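Please read the following explanation alongside the sequence and the coordinates, which are shown just below.

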Amino acid sequence: MARIFAYIVHKGGVVDDSAVELAAAARKIDAAASPTAILTGWGADLDAACNALSASYAEVWKLANEALAYPNAELVRKALVKVLPSGSIVLLPHQHFGMDLAPGLSIKMKSTFVSDVVDIAGVEGADLKVVRQEFGGQVSAHVRCDLSSGAVVTVRPGAFKSLEGAVVSGVGGVIDKSSDIGALTAGRRYLETVTAEAGDVDITRYNVLVSIGRGIQEKENVAIAQELADALGAAVSCSRPVVDAKWMEKSRQVGSSGKTVKPKVYLACGISGSFQHLAGIKGSPFLIAINKNPKAPIFQVADVGIVDDLLEFLPELSNRVREMRTVTAK
Amino acid sequence: MEILVCVRRVPDTSENEIQLNSAGNDIERDELVYSINEPDNYAVEEALQIVARVGGNVTVATVGSEDDEEVLRREMAMGANHGVMISDEAFSGSDGRGIATILKGFVEKGHYDLILTGVQAEDGGAQVGGMLAALLDYPFASLVNSIEVLDGGKLTISREIEGGNREMNEIDLPCVLSIQTGINEPRYVGMRGIRQVASIPIPTFGASALGLDPGTVGRVAVRVKRVDYFVAALGKGAEILHGSREENIDKVLELVAAKGGLK
Ligand SMILES: Cc1cc2nc3c(=O)[nH]c(=O)nc-3n(C[C@H](O)[C@H](O)[C@H](O)COP(=O)(O)OP(=O)(O)OC[C@H]3O[C@@H](n4cnc5c(N)ncnc54)[C@H](O)[C@@H]3O)c2cc1C
Ligand SMILES: Nc1ncnc2c1ncn2[C@@H]1O[C@H](COP(=O)(O)O)[C@@H](O)[C@H]1O
């Protein structure tokens with residue numbers, strides 16, 4: 001069995017949640033495997049991250065270089081290619097950094113690439129069999145990947161969460177591979193990080209969110225959701241396509257590239273339930289989904305589902321809330 | 001600036017209920033509604049806007065077959081100067097690496113300062129752009145959501161990172177960028193626009209024209225292969241309300257109140 005490496009994302013000395021998830025994925029590829037964590041970076045932050053891993057990885061490879069102080073994917077790739085043995089299986093999280101690094105890494109490692117893996121079905125001969133989701137999560141597929149020249153695999157954040165917990169005893173410790181990297185230059189240079197604008201309404205502060213997706217169909221219909229939110233004392237949040245279409249401000253977007261919210265009740269209206277959207281919903285709110293497609297993936301994660309046209313359902317719901325309010329006020 | 005945009009025709013998931021076929025080895029494709037892959041359309045719009053600012057040409061290319069010509073025409077109606085069909089029996093069944101290898105062959109036959117792809121195809125793996133860049137040894141950036149052309153063969157770009165924050169980078173040309181949705185507002189294309197470009201010839205390039213070794217692309221070179229499709233249970237599943245609309249509304253209100261939402 002090929003040697004398994006997990007690329008660890010870290011920031012400010014703190015290791016990303018994906019570190020344990022990658023260890024869990026590695027164990028699912030090979031129960032006997034002892035995956036090696038591999039980290040790039042510089043200075044005290046890198047050392048702190050390496051030390052934080054001793055509970056989940058028996059061996060940690062440290063690649064320190066001043067040019068890697070910020071994880072520029074091109075520089076990281078060049079460093080990894082220098083030190084990773086050919087034929088390795090390399091695991092990375094499928095998020096903005098993994099997506100930036102992994103495809104090119106697989107080319108330079110001359111290995112197989114498979115992305116956004118949600119489960120591992122096992123190893124069959126020279127093949128790794130994984131599970132991916134396609135068509136917005138409406139169907140899943142088993143995918144076979146040739147391992148004969150190694151593989152780069154990106155793993156969906158959260159997918160291996162429930163498998164965490166196997167603790168290893170730190171045997172190998174931190175191994176410094178920095179001297180193997182050599183000089184690093186890149187055609188792309190990091191300048192700065194610009195933080196997202198705050199926006200008019202802070203959706204993170206509401207107990208109830210009326211959240212709308214592409215199913216709202218046009219800008220004029222946003223008012224339907226706003227009316228319901230007003231009646232409920234809630235705020236309107238949304239999925240990404242609503243922001244892309246400029247129907248709502250970016251600050252209203254829930255998801256991995258938007259806001260993380262923790263309401264008590266989340267009404268998902270015309271939202272299919274992509275993992276990037278669900279990633280922004282934390283604290284297990286009571287999730288009510290309204291969608292006209294009974295096969296929409298959101299129904300698999302929601303607590304309660306209603307198969308209906310939201311353009312008819314929401315206005316009637318608003319009316320009912322207002323009626324009820326008038327009765328209670330009397 | 002000479003810009004190449006790689007585009008793909010995909011089943012539109014917001015328009016389709018995806019069903020498995022009876023054998024379970026594919027989805028039911030007969031009644032699917034196809035359209036241009038959404039981020040690719042943003043990529044074409046971005047290319048058109050760059051050319052409007054600094055001059056140049058936009059070429060749209062797809063690795064596909066006859067059926068895919070409609071997306072090239074659609075993007076030409078948007079304003080792309082040239083459409084190119086990259087098609088050969090030897091290409092069919094290619095995995096992401098195969099597609100990237102074919103595109104590399106095409107890129108090397110021409111001269112492009114900038115190559116754009118979408119972030120991800122509807123049934124793809126967010127891989128072709130990054131692979132193409134690595135095969136060409138060009139710099140690459142993914143999830144790009146703004147582009148500014150600088151003097152001296154460089155761009156300033158921003159990448160979308162977590163929480164809607166932006167990572168600003170400077171990148172040398174030629175390079176490959178994968179474009180994220182929302183970077184611009186793609187212009188509308190009507191039937192009339194499509195009719196206007198209907199008779200413009202679209203050249204086709206095959207394996208020999210691109211000097212590709214057939215052993216490196218298509219089914220024979222595949223390392224990643226879908227075995228079957230299935231419908232997985234992701235969670236415990238929602239309790240679906242089967243009442244009339246009025247009953248469902250009452251139930252929803254009752255639940256919202258019970259969960260502390262109605263005050
Ligand atoms: C790197 C990256 C980051 C991303 N980050 C985010 C993010 O932060 N947040 C986010 O939301 N997405 C994000 N996405 C996009 C994500 O992958 C999905 O494309 C998106 O979440 C889909 O939004 P949606 O559910 O509104 O649209 P769709 O998937 O198109 O679903 C629309 C739904 O509405 C239903 N519908 C249509 N009409 C009606 C009607 N009249 N009544 C009831 N139901 C109806 C349909 O059945 C369908 O299920 C990201 C993608 C990438 C690649
Ligand atoms: N067959 C193809 N022809 C041209 N471009 C493609 C093709 N497949 C993928 N691409 C490009 O690569 C991007 C990412 O696709 P994927 O890696 O399949 O998710 C797409 O958005 C397209 O821009």
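The model is a predicted one, and its chain A holds 9 helices and 17 strands. Taken along the principal axes, the C-alpha atoms of chain A fill a box of roughly 75 × 45 × 35 Å, and of the 330 residues in this chain 56% count as buried.

One place to begin is an open sheet of 6 strands, whose order is E14(A)-E13(A)-E15(A)-E16(A)-E17(A)-E13(B) and whose pairing is parallel. Strand E14 (235–238) of chain A and strand E13 (239–240) of chain B stand at the edges, and because each has a single partner strand, one side of each is left without a neighbour in the sheet. Helix H5 of chain A, spanning residues 222–232, packs on this sheet and touches strands E13 (208–212), E14 and E15 (265–269) of chain A, while the direction of H5 makes about 175° with that of E13(A). Where the sheet passes from one chain to the other, strand E17 of chain A (residues 304–307) pairs with E13(B) in the parallel sense over 2 bridges, and Val304(A) stands opposite Glu239(B) there.

A second open sheet has 10 strands in the order E12(A)-E9(B)-E8(B)-E7(B)-E10(B)-E6(B)-E1(B)-E4(B)-E5(B)-E11(B), and its pairing is mixed. Its edge strands are E12 (188–194) of chain A and E11 (204–205) of chain B, each of which pairs on one side only. Helix H4 of chain A, residues 96–108, packs on the sheet by touching E12 of chain A together with E7 and E8 of chain B, and the direction of this helix makes about 90° with that of E7(B).

Turning to the helices of chain B, H2 (residues 69–78) has as its buried residues Val71(B), Leu72(B), Arg73(B), Glu75(B), Met76(B) and Met78(B). The elements that cover them include strands E2 (9–11), E3 (34–36), E4 (57–63) and E5 (82–86) as well as helix H1 (38–54), all of chain B. After H2(B) comes Gly79(B), which has a positive phi near 135°.

Helix H3 of chain B (residues 96–109) and helix H4 of chain B (residues 128–136) have axes that come within 9 Å and cross at roughly 50°, which means that H3(B) is oblique to H4(B). The crossing in which H3(B) passes H4(B) is right-handed, and among the residues that make the contact are Ile99(B), Leu103(B) and Val107(B) of H3(B) and Met131(B), Leu132(B) and Leu135(B) of H4(B). The residues of this contact divide into 9 nonpolar, 2 polar and 3 charged.

Is Glu134(A) buried or exposed? This residue lies in strand E8 of chain A, residues 127–134, and counts as buried because its relative accessible area of 3% falls under the 20% cut-off. Apart from neighbours within four places in sequence, Glu134(A) is in contact with Val139(A) and Ala141(A), and also with Asp123(B), Arg226(B) and Tyr229(B) of chain B.

Technical notes: Residues numbered from 1 in each chain as written. Chains lettered and ligands numbered in written order. Predicted model: local features only at pLDDT ≥ 70, side-chain atom pairs only at ≥ 80, totals over all residues. Heavy atoms only, no water. Pairing = 2+ DSSP bridges. Helix = DSSP H or I, 4+ residues; strand = E, 2+ residues; numbered from the N terminus. Contact = heavy atoms within 4.5 Å. Axes fitted to C-alpha atoms, helices over the stretch in contact; angles between N-to-C directions. Buried < 20%, exposed > 50% of the residue type's maximum accessible area, 1.4 Å probe, protein only. Parallel < 35°, antiparallel > 145°, perpendicular 65-115°, else oblique. Left-handed = near helix turned anticlockwise from the far one by under 90°. Nonpolar A, V, L, I, M, F, W, Y, C, P; charged D, E, K, R; others polar.
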